[in-house]
Amino acid sequence: MSEYLIKNVAVLGGTPTDLLLRDGVIADPADAPADAEVIDASGLIALPGLVDLHTHLREPGREDAETVETGTRAAALGGFTAVHAMANTEPVADTAGVVEQVWRLGREAGYCDVYPVGAVTVGLDGERLAELGAMADSAARVRVFSDDGRCVSDAVLMRRALEYVKAFDGVVAQHAQEPRLTVDAQMNEGELSGRLGLAGWPAVAEEAIIARDVLLAQHVGSRLHVCHVSTSGSVELIRWAKGKGVDVTAEACPHHLLLTDELAATYDPIYKVNPPLRSAADVAALQEGLADGTIDIVATDHAPHPHEDKDCEWAAAAFGMLGLETALSIVQQTMVDPGRLDWAGVAERMSYAPARIGRVSDRHGRPVQVGEPANVVLYDPGARRTIEPSESASLSRNTPYRGMELPGRVVATFLRGKATVLDGKLA
Ligand SMILES: [Zn+2]
């Protein structure tokens with residue numbers, strides 16, 4: 001394996017220094033051998049390898065949309081060294097067998113560590129608990145459980161899941177969507193949904209579940225994670241719950257930090273996502289919540305869909321958009337460039353905190369310093385690039401940022417000292 005001497009890199013945007021990546025760890029640059037590969041990183045910043053708590057890799061079952069290999073290639077290009085793969089595959093990841101399969105595919109591909117998320121209920125059907133303990137004990141060592149795509153709407157089942165995961169320090173990651181309030185919902189409920197004639201997805205359908213779940217988590221003394229928070233009311237509820245000492249964490253997605261429901265007026269299903277794009281006031285509240293720590297992390301909800309599932313009329317189209325390759329740029333644009341977060345804050349929200357929540361912080365989300373695993377991203381915040389879907393490593397093309405000029409570029413990604421990306425390309 002090559003050894004890399006990275007010269008003049010600004011760790012977390014600080015004073016430029018040198019880093020040596022050797023034998024999978026960050027080593028003292030004074031020990032660099034003469035044949036080390038030298039990377040001039042002047043103008044670049046180093047961040048810890050990013051960790052995504054919410055990725056859809058689609059394998060097994062929907063290899064026409066994405067595979068573990070293509071999804072983790074996209075992840076590496078986005079600066080990620082670990083992703084948590086959601087359970088809504090076909091078959092559903094609700095047994096030790098399926099989560100071990102996904103975990104093994106990730107290891108074989110080698111671009112990024114893949115941590116499978118286990119389903120909360122069998123088949124995501126919301127009726128009985130899946131084999132949570134068997135998945136936790138498997139080689140995949142599952143700690144995050146979610147029916148994402150569907151809400152665990154039955155309060156008794158949700159309570160049982162929260163109680164059960166305590167045995168192995170797991171967490172239930174809830175897709176907060178009250179199903180009866182969102183039958184046939186297509187976009188954010190508001191004045192615009194009425195005008196466009198699309199069924200509305202009201203904020204209260206998200207907020208009611210979050211309110212219930214933080215109270216349940218408090219009642220049973222367990223750990224709750226709220227997926228893709230999208231409304232200002234949700235931010236308020238989580239702020240309140242944290243103030244009460246509830247063990248709750250929350251994520252926001254890049255698209256909810258930038259885009260608003262006005263894009264639905266185009267009727268272009270590229271903007272159709274669940275939860276839906278919300279109002280400008282909601283976007284502002286999410287940015288504020290992410291800045292003050294009410295929202296702990298950024299998670300991509302990378303949701304690949306093949307052309308035929310998106311290139312149709314709005315009501316028939318699938319929910320979801322790509323996110324891995326653009327997440328850091330969107331966070332730079334919405335949070336760093338306007339002064340809401342510094343790079344240390346980005347490292348916390350895109351690496352340290354997601355690794356802690358997913359219980360992988362012995363290996364990922366570690367500081368960029370001597371002795372730590374060499375999971376490192378080199379990023380050029382001064383670059384600009386125009387998003388061209390055909391350049392994506394994903395098998396799908398459903399990016400809402402097509403044609404947009406975004407700041408920043410991932411120059412290199414290292415997974416345990418091995419380059420997965422160099423010069424902005426897969427190594
Ligand atoms: Zn979801």
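Modeller: Domain bounds here come from an automatic or database domain assignment. On that basis the protein is divided into domain 1 (4-45 + 372-426) and domain 2 (50-357). This is a predicted model, in which local features need pLDDT of at least 70, side-chain atom pairs count only at pLDDT 80 or more, and totals for chains, interfaces and linings use all residues. Residues are numbered from 1 along each chain as its sequence is written, and side-chain values use heavy atoms, with hydrogens and water left out.

Taken over C-alpha atoms, the centres of domain 1 and domain 2 are 26 Å apart. With contact meaning heavy atoms within 4.5 Å, 37 residues of domain 1 touch 47 residues of domain 2. The buried area, which is the accessible area (1.4 Å probe) that two parts lose on being put together, summed over both, is about 3100 Å² between domain 1 and domain 2, and carbon and sulfur atoms give 61% of it.

A salt bridge is a side-chain nitrogen of Lys or Arg within 4 Å of a carboxyl oxygen of Asp or Glu; domain 1 and domain 2 have two between them. Asp113 forms a salt bridge with Arg416, with 2.7 Å between the closest N and O atoms.

Strands are DSSP runs of E, at least two residues long, numbered from the N terminus. Those giving two or more residues to the side of domain 1 that touches domain 2 are E16 (376-386), E17 (405-415), E18 (418-422) and E19 (425-426). E17 gives the largest share of that side, eight residues.

Conventions: Helix = DSSP H or I, 4+ residues; strand = E, 2+ residues; numbered from the N terminus.
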